[in-house]
Amino acid sequence: MKKIKFLSTIKYVIVFAMIAMLCISCVNKSKTVTQKLTIGIQNSPSNSLVIIAANKGFFDTTKVKVVIKEFSAGKLALQALLGQAGDLDIAVSAETPVTLSTLGGNKIKVIATIVNAKNECRVVVRKDGVLNTPEKYFSKPRKLATSQGGSPEWFTYNFIKRFKLDNNNVEINAMLPENMPIALSNGAIDAISIFDPYAGLGEKELGENGVTFNNENIISYYVLNVKESTITQKGEALEELMNGLLKAEEFIKNNAEETKKIIAEKTKLDIDILNKTWSHYTFAVMLDKSLIDLCIAEANWAIETGKYPKETVIPNFKEVIYPDILKKVAPTAVNF
Amino acid sequence: MKEFKKIYYSVLSIAGIILFWQVLSGFDLINSNLIPPPTKVYLAIIEWAKSGELFIDFSTSIWRGITGLLIGSIIGIMLGLFTGRNQTLDKILTPVLNVFKAFPPVALLPVFITFFGIGDFSKVFSISFATIFPLWVNTHLGASTVPAEFIRSAMLLSKSGVKIFFKIIIPASMNSIIAGFRISIAISFIMLYVSELAGASSGLGYQISSSHLAYRMDKMLGALIVLGLTASMIDLIFNKIVKYFFPWVQLNKII
């Protein structure tokens with residue numbers, strides 16, 4: 001009888017101990033809940049903040065685990081974000097695809113810009129004697145390749161307008177950016193209108209046989225796009241991501257040479273091209289009202305060029321911007 | 001009556017799909033930004049037609065597609081007849097053709113652009129390249145399996161190899177050739193779309209891509225539908241031609 005009682009007591013002690021251990025492990029887990037953020041980027045210098053933050057471990061906190069997925073263009077990352085599969089939490093793209101997707105009725109939020117790039121897009125042409133200005137060069141029919149649905153196409157429109165080129169002399173061909181340098185060098189096309197690194201690669205391919213036309217008035221932003229549901233469900237993780245990007249911004253300011261080495265290695269770009277184009281980029285986590293003005297101008301362009309019918313109502317782009325996350329971590333970086 | 005019934009069932013099935021799609025959109029069961037309702041797609045097609053671009057895109061793509069298909073078909077059929085009936089040519093050509101057959105035409109597009117530029121020539125060339133091999137394989141199969149008694153019987157009436165080739169070998173291989181041609185029609189339209197992504201300023205494939213990039217899913221689906229209908233129309237016209245010129249071919253037994 002005594003033996004049975006003793007065994008029964010042991011049984012209860014063991015069960016109690018197991019329950020206690022389970023409860024302790026649950027409490028410990030809830031103290032360190034790490035949220036995962038998958039961010040889609042174009043593997044290019046314009047995404048230096050993200051690349052440096054990942055490389056230097058600025059994203060390594062207990063609250064967030066950042067996974068980076070690479071795309072050949074930011075607009076493709078944005079499409080993945082909008083897709084039903086839920087592959088991405090954040091997509092980094094230029095503002096042009098954001099404008100077009102908002103016009104198309106898609107609901108996204110822009111929580112910050114991470115770079116503004118001047119002269120990132122350029123027109124690189126095969127030399128033709130003394131025809132060394134845009135007006136002279138395009139005074140006869142030329143084939144110009146650009147990347148549709150993104151900042152190069154917007155840049156091309158502004159380039160044609162600024163230099164008052166005859167549209168009949170500029171045959172615009174849609175082409176993938178990675179095919180452009182080779183097509184330009186072997187004469188398949190006369191000109192490319194594209195961002196770095198492809199513009200730089202085209203210049204390198206042509207060497208002295210090439211001429212570059214700039215339009216410094218055109219600025220493009222690279223923005224962080226998220227869905228509203230991500231803001232609701234992973235707000236804290238997004239704040240941690242912002243902190244990581246702000247640290248990267250500080251690092252880039254103080255360590256330009258090391259940054260360029262890291263970016264050259266990551267993007268497989270020639271360091272000479274990077275040195276040449278580095279001054280085009282201003283890396284800063286911020287939100288400025290000029291982004292809204294740019295989106296409105298691009299929306300008008302999309303309607304004017306027939307991408308959208310004339311009756312299309314331009315959305316309120318202010319509603320696309322979500323400044324609260326950036327305001328929390330860096331209030332002075334928000335300017336509107 | 002049979003023909004009428006066929007058309008009736010075809011129209012019914014397509015109408016059913018469109019109605020189902022409209023219902024899914026109407027009840028918000030699908031994301032209408034990603035897959036717009038049929039009514040919106042229809043309006044996008046009208047907008048595209050009114051701008052005049054539909055005619056330009058359609059005629060550009062038809063020209064490229066059919067030219068590439070015909071050139072690839074002629075080459076593929078000729079190669080198949082040679083390798084199917086001549087052992088020496090078979091031993092020389094088949095290993096080489098098998099290597100080329102394995103190259104994905106899509107991956108070769110940058111090479112075609114390097115050599116031929118981004119004009120119509122490179123697009124027609126890439127479509128021809130892609131359509132050669134299904135026809136070569138099917139024609140080779142058909143030509144090499146012509147029953148021996150057909151040839152022996154023909155030789156009793158004529159010793160002319162050329163006559164036997166045209167009057168016996170080719171007609172007997174028709175089933176296989178036509179099967180290969182119908183596969184090539186589908187492949188030519190796939191290749192047409194891909195080639196128009198790699199440097200184009202007009203065409204159905206170009207329109208699909210540029211609409212997609214501008215987040216005009218309605219216009220993109222409209223262009224896809226036009227592309228699909230065009231391929232079906234060509235297949236239908238081809239079937240009519242086959243029925244007229246080669247009435248012994250059993251079309252209902254080929255795909």
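Predicted model: local features only at pLDDT ≥ 70, side-chain atom pairs only at ≥ 80, totals over all residues.
## The five-stranded sheet

The sheet of chain A is open and is built from five strands, which follow one another in the order E7-E6-E8-E5-E9 with mixed pairing. Its edges are formed by E7 and by strand E9 (210-213) of chain A, each of which pairs on one side only. On average, and with direction ignored, neighbouring strands of this sheet are turned by 25 degrees against each other.

Within this arrangement, strand E5 (residues 122-126) and strand E8 (residues 191-194) of chain A are joined by four bridges and pair in the antiparallel sense.

## The side of chain A that touches chain B

Between the two chains, 27 residues of chain A are in contact with 22 residues of chain B. On the chain A side, the elements that contribute two or more residues are helix H4 (95-103), strand E7 (170-174) and helix H7 (180-185). E7(A) gives the most, with four residues, and E7 of chain A is also one of the edge strands of the sheet described above.

Sorted by class, the residues on the side of chain A that touches chain B comprise 13 nonpolar, eleven polar and three charged residues.

Terms used: Residues numbered from 1 in each chain as written. Chains lettered and ligands numbered in written order. Contact = placed C-beta atoms within 7 Å. Nonpolar A, V, L, I, M, F, W, Y, C, P; charged D, E, K, R; others polar. Pairing = 2+ DSSP bridges. Axes fitted to C-alpha atoms, helices over the stretch in contact; angles between N-to-C directions.
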